[in-house]
Protein chains: 2
Amino acid sequence: MKKFLLLSIFLAGAAISSQAQDSVQIRRFYDEALVKGQCYDNLRYLCKKIGQRLSGSAGAAKSVEWSKKLMEGYGFDRVYLQEVMVPHWVRGAKEQAYIMDGKNKIAVPVAALGMSVGTPASGITANIVEVRSLKELDALGESVIKGKIVFFNGPFDQRFIETGAGYGAAGIQRFAGPAAAAKYGAVGAIVRSITPALDDYPHTGGTVYAESGKKIPAAAISTLAANKLSNMLKLRKLPLIKFYLKQSCQTLPDVKSYNVIGEIKGSENPNKFITVGGHLDSWDLAEGAHDDGTGVMQSVEVLRIIKATGYKPKNSIRAVFFMNEENGHKGGIKYTEQAAADKEEHIAAIETDEGGFTPRGFSFEDASPKFLKEINKSWKGLLEPYEADRLTAGGSGTDIGPLKEAIPSIKLIGFRPDSQRYFDIHHTPNDVFENVNKRELELGAAAITALVYLIDQHGLNF
Amino acid sequence: MKKFLLLSIFLAGAAISSQAQDSVQIRRFYDEALVKGQCYDNLRYLCKKIGQRLSGSAGAAKSVEWSKKLMEGYGFDRVYLQEVMVPHWVRGAKEQAYIMDGKNKIAVPVAALGMSVGTPASGITANIVEVRSLKELDALGESVIKGKIVFFNGPFDQRFIETGAGYGAAGIQRFAGPAAAAKYGAVGAIVRSITPALDDYPHTGGTVYAESGKKIPAAAISTLAANKLSNMLKLRKLPLIKFYLKQSCQTLPDVKSYNVIGEIKGSENPNKFITVGGHLDSWDLAEGAHDDGTGVMQSVEVLRIIKATGYKPKNSIRAVFFMNEENGHKGGIKYTEQAAADKEEHIAAIETDEGGFTPRGFSFEDASPKFLKEINKSWKGLLEPYEADRLTAGGSGTDIGPLKEAIPSIKLIGFRPDSQRYFDIHHTPNDVFENVNKRELELGAAAITALVYLIDQHGLNF
């Protein structure tokens, strides 16, 4: 009994001392990030000197080259490119769209959806059918839809506390709506922008056609224009109102591109990896600041902070700038294929692709109640002083997603910043550097570094 | 034993059912706020149609009148004005400041501190002494300071996770620096803007002179200008660099103004109050959007949500728009005096004056460890789905502060939104409606309503 008691005291002491050490180390990471952080200046360069980086574009190529140099400059143990073929979709000339109300022609803010086909050079004009869901579309069927432009006007449900949930629910219209409309003989599709904001910006984003199905032109219109159109349709008889859409986007042959990878070698387990990543490509309408310039700049900052603070990880830590998250996910797929081919062991992968806002925590894919209970018991207290302690079950990210099947032992983790502002600017001309806050970005980099450290030290076998 | 067991089961059942009922009610508040919220549109009116509302100004008078009408329109049980005399400080013509470097004259973004005296019409020119704290000032003393302009350049400590802590630490220079410098014979004081941001905006804010001491002109300069001046002072000999400041601000006779108060009468205890408030006055450089338009608009929204959802509070709930928080606190003092004179019982007061950003929780003044433990045990789970569940010890607010001494049984509570962006725009021309996010504002109103409800239902006797 006495021996047992002594052992308990010893173990308790060891646990306290380990917690205290973790606490000191995490504080060190935060100080480095907040006082000597470099991710904000790096992001400024990426946004202002390179700008949009849609897969296959000159901007994407330039960003690969610059990112590799940036990592080399930091003196990581290994910096390399991972070749990957990516789709090359181009928007072409600025789109045009009008509500044609008899003799009136009302301009509509519009942006072709990524991977959409263009219209004929003279555009298309057709009657409009408004639906609020794919179910409504199915209920109307071919007899109503054929020859029309389908107007997907399902609203963003404001009741969700995290906007990502609202985006997921309404997003199905954009991902799958145009393909479904094409099936019923629609000649085009316009989609209400997927955002909680009421404004005049169209939000682009990918749509997916059926492999063998017909491809019809698809575009996003602003939420204010969607409201106006919907009101007009309510007030007037349908045939009086038509919609005109002209866009010249097209998909060119695939292009060779790269994931950019930096690595700090593990001192004990060099072939075991913890990956932190975001995507380097962006949509073409702005600078891809929050989506996902912040994510890649945080990822490299994690490695920089580790080096700058002199922490020697046991396992290898990788920053991965994935290519082509927005319209093909080819970079993520490639990374998984290569990891599997090289028989790498992967402990965890963390994706940061929800904007550079104030951290709130992390979500763990397929986390069991036991896992959640124990990780919270062990680590929540360490992250609480930094208000980044919401450790929940939930999604991770598109780029690291494929790792799960290839390496079943891996834990996939999503960095979760505050979600309120993200979808206001997401995929619009407003996704620019000026909308990123320096401290919020840095706090995110520090929070991810803290989690990488805890995983490196203690593993994830809860 | 059996009886005890049955009683336990019954009590546990009652507790669960009460929690379930609370949970449903809170969800109802959030739905109302997020789907039918009115605070964003009300804030737009306050910012865009009325604008700056410095105590004693025409804007302040207009805002009182409009606020009363707004509350009357909502049909609260009682809406009234509470008269209070307030200081009337005016900025006068736009300030001018230059670094005088031999023949070079470098313009400096400058704003007089609130309650500062002006300079002579021709301005003042003097040598500069840079200090980074009041302690440094004391160490230099009269022999060095006399006849100079003291340049308070203490930096904002970025290591604090909540920026309010950094503001408090650096802020002492602005509150107390000019009075301390005057004591040593300084002819003026310039203060580095209290903000984590590095930009070209001067941040105004109040300074406090000693009652019987000399008053010297005091102004804030932008952080970039402060860095430039500091670098120049390092590189060149002191006498070569002088500073020129011209400002025509002055304090006019006190003006009659008002707190604006709306009330829903308690069904059980009409003379017991829960107060929710912010301040209606603002600095004069912008629209006082986050400081504190968001706070007052959230306060009235709490009452509106309670009414709209049909909740009948047991105790009386008050929304108070305090006047003169920024440069005198006269409204807060008046509210306390009147409450004490009327022998009102006050359960709690909640102040929202830290910006309309995403809620993170609430801080409770003088909260004991036992109180914190129990309130977290009882209520954290109810607020967790809304991510507003950080219930901590901490400050409340300037306006409700005086209540503590007058009514010792009261609990003072601060609404705590995310703090990262607040001090970037605080007291600058950037504190405008466009920098407020609709959902963030609404989530705050809903969180405060939830807390008011829980206090109304269960009290705060933890």
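Colleague: Which residues does Thr336(B) touch, leaving out those up to four places away in sequence?
Modeller: Pro402(B), Leu403(B) and Ala406(B). Contact here means heavy atoms within 4.5 Å.

Colleague: What sort of model is this?
Modeller: This is a predicted model, where local features need pLDDT of at least 70, side-chain atom pairs count only at pLDDT 80 or more, and totals for chains, interfaces and linings use all residues. Residues are numbered from 1 along each chain as its sequence is written, chains are lettered from A and ligands numbered from 1 in the order in which they are written, and side-chain values use heavy atoms, leaving out hydrogens and water.

Colleague: Back to Thr336(B). Where is its place?
Modeller: Thr336(B) is in helix α8 of chain B, residues 330-341. Helices (H or I, at least four residues) and strands (E, at least two) are DSSP runs, numbered from the N terminus.

Colleague: Is Thr336(B) buried or exposed?
Modeller: Thr336(B) counts as buried, because its relative accessibility is 7%. Buried means under 20% relative accessible area, exposed means over 50%, and partly exposed is in between (1.4 Å probe, protein chains only).

Colleague: And Cys39(B), what is it in contact with beyond four places in sequence?
Modeller: Met297(B), Glu301(B), Leu441(B), Glu442(B) and Ala445(B). Cys39(B) sits in helix α2 of chain B, residues 39-50. Cys39(B) is at 1% relative accessibility, so it counts as buried.

Colleague: How far apart in space are Cys39(B) and Thr163(B)?
Modeller: They are 25 Å apart, C-alpha to C-alpha. In sequence, 124 residues separate them.

Colleague: New topic, backbone. What kind of peptide bond joins Asp291(A) and Asp292(A)?
Modeller: A cis one, with omega about 5°. Asp292(A) is in helix α7 of chain A. Chain B has a cis bond from Asp291(B) to Asp292(B), with omega near 5°. Asp292(B) is in helix α7 of chain B, residues 289-308.

Colleague: Why flag those?
Modeller: Most residues other than glycine have a negative phi, and most peptide bonds are trans.

Colleague: What about phi, then? What is the value for Asp366(B)?
Modeller: Near 55°, a positive value in a residue other than glycine. Asp366(B) is in the loop between β14 (359-364) and α9 (369-383) of chain B. Asp366(B) has a relative accessible area of 63%, so it is exposed.

Colleague: And Glu387(B), buried or exposed?
Modeller: Buried, with a relative accessible area of 11%. Phi of Glu387(B) is near 55°, which is positive in a residue other than glycine. Its place is the loop between α9 and β15 (390-393) of chain B.

Colleague: Back to α7 in chain A. What does this helix span between its end C-alpha atoms?
Modeller: Only 25 Å, whereas a straight helix of 20 residues would span 28 Å at 1.5 Å a residue. The expected span is 1.5 Å times one less than the number of residues. In α7(A), 18 of its 20 residues are buried. Gly310(A) follows α7(A), with a positive phi near 75°.

Colleague: Where do Trp89(A) and Trp283(A) lie in the chain?
Modeller: Trp89(A) is in strand β1 (residues 78-90), and Trp283(A) is in the loop between β11 (269-279) and α7, 194 residues apart. Both Trp89(A) and Trp283(A) are buried.

Colleague: Last one, the interface. How many residues of chain A are in contact with chain B?
Modeller: 31 residues of chain A are in contact with 31 residues of chain B. The two chains bury about 2,900 Å² between them, 41% of it on carbon and sulfur atoms. Buried area is the accessible area (1.4 Å probe) that two parts lose on being put together, summed over both. In chain A, Ile161(A), Arg421(A) and Arg439(A) lose the most area to chain B, together 26% of what that side buries.
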